[in-house]
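Subject: Structure for your files

Dear colleague,

Here is the structure you asked about. My notes on it follow below.

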Amino acid sequence: MSDHIYKIMELTGSSSTSMQGAIENAITRAAKTVRDMRWFEVVETRGHIEQGVIKHWQVTIKVGFTLNE
């Protein structure tokens, strides 16, 4: 097993359905331009409420990806 060096970026994803959806939206979008993503960590969760109902989720994550040689 070789040693790994990671770069960390912070993303905020949003979803009208769930926290998981917000995370998946952020990672799916980042995957279009960022290669070798390996892990994520949830650092903040927020939501928007209208008339007593959750209408929108925002989740901020840190994503680690390996650096290319």
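The three strands form an open sheet in the order 1-3-2, with antiparallel pairing. Strand 1 (6–15) and strand 2 (37–50) are the edge strands; each has a single partner strand, so one side of each has no neighbour in the sheet. On average, neighbouring strands are turned by 15° against each other, direction ignored. Please keep in mind that this is a predicted model.

The pairing can be followed strand by strand. Strand 3 (residues 53–66) pairs with strand 1 in the antiparallel sense over 10 bridges. Within that pairing, Gly 13 stands opposite Val 59 of strand 3, and Thr 12 stands opposite Thr 60. Strand 3 also pairs with strand 2, again in the antiparallel sense, over 12 bridges. There, Trp 39 has Gly 64 of strand 3 as its bridge partner.

Next, the overall layout. The chain has one helix and three strands, and from the N terminus on these elements run β-α-β-β. Helix 1 (residues 19–30) packs on the sheet and touches strand 1, strand 2 and strand 3. The direction of helix 1 makes about 130° with that of strand 1.

The chain has a radius of gyration of 14 Å, whereas a compact globule of 69 residues would have one near 11 Å. Taken along the principal axes, the C-alpha atoms fill a box of roughly 50 × 20 × 15 Å. Of the 69 residues, 26% count as buried. Among contacts with a separation of 6 or more, 60% are between residues 24 or more positions apart.

On the core: what makes up the largest nonpolar core? The set has 12 residues in all: Met 9, Leu 11, Ala 22, Ile 23, Ala 26, Ala 30, Val 34, Trp 57, Val 59, Ile 61, Val 63 and Phe 65. Strand 1, helix 1 and strand 3 each supply at least two residues of this core. The largest share, five residues, comes from strand 3.

Two residues show how the helix meets the rest of the chain. Ala 26, a member of the core, is in contact with Leu 11, Thr 12, Gly 13 and Ile 61, leaving aside its neighbours within four places in sequence. Two of the strand pairings described above involve residues on this list: Gly 13 is the one opposite Val 59, and Thr 12 the one opposite Thr 60.

The other residue is Gly 21, which is found in helix 1. Gly 21 has a relative accessibility of 10% and counts as buried, because the cut-off for that is under 20%. With its neighbours within four places in sequence left aside, Gly 21 is in contact with Ser 14 and Ser 15.

The structure holds one aromatic pair. The ring centres of Tyr 6 and Trp 39 are 6.3 Å apart and the ring planes stand at 70°, so the pair is edge-to-face. The pair links distant parts of the chain, with Tyr 6 in strand 1 and Trp 39 in strand 2, 33 residues apart.

Last, the backbone in the loops. Asp 36 lies in the loop between helix 1 and strand 2. Asp 36 has a positive phi of about 65° although it is not a glycine, and with a relative accessible area of 28% it is partly exposed.

Gln 51 is another case of a positive phi at a residue that is not a glycine, here about 50°. Gln 51 lies in the loop between strand 2 and strand 3, and the hairpin of these strands has two residues between them. At 84% relative accessibility, Gln 51 counts as exposed, so its value is over the 50% cut-off.

Regards

Notes. Residues are numbered from 1 along each chain as its sequence is written. This is a predicted model: local features need pLDDT of at least 70, side-chain atom pairs count only at pLDDT 80 or more; totals for chains, interfaces and linings use all residues. Side-chain values use heavy atoms; hydrogens and water are left out. Two strands pair if DSSP finds at least two bridges between them. Helices (H or I, at least four residues) and strands (E, at least two) are DSSP runs, numbered from the N terminus. Axes are lines fitted to C-alpha atoms, for helices over the stretch in contact, and angles run from 0 to 180 degrees between N-to-C directions. Contact means heavy atoms within 4.5 Å. A nonpolar core is a set of buried Ala, Val, Leu, Ile, Met, Phe, Trp, Tyr and Cys residues joined through side-chain atoms within 4.5 Å. Buried means under 20% relative accessible area, exposed over 50%, partly exposed in between (1.4 Å probe, protein chains only). Rings of Phe, Tyr and Trp (its six-membered ring) pair if their centres lie within 6.5 Å; planes under 30 degrees apart count as stacked, over 60 as edge-to-face and the rest as tilted. The radius of gyration is taken over C-alpha atoms; the globule rule is 2.2 Å times the number of residues to the power 0.38.
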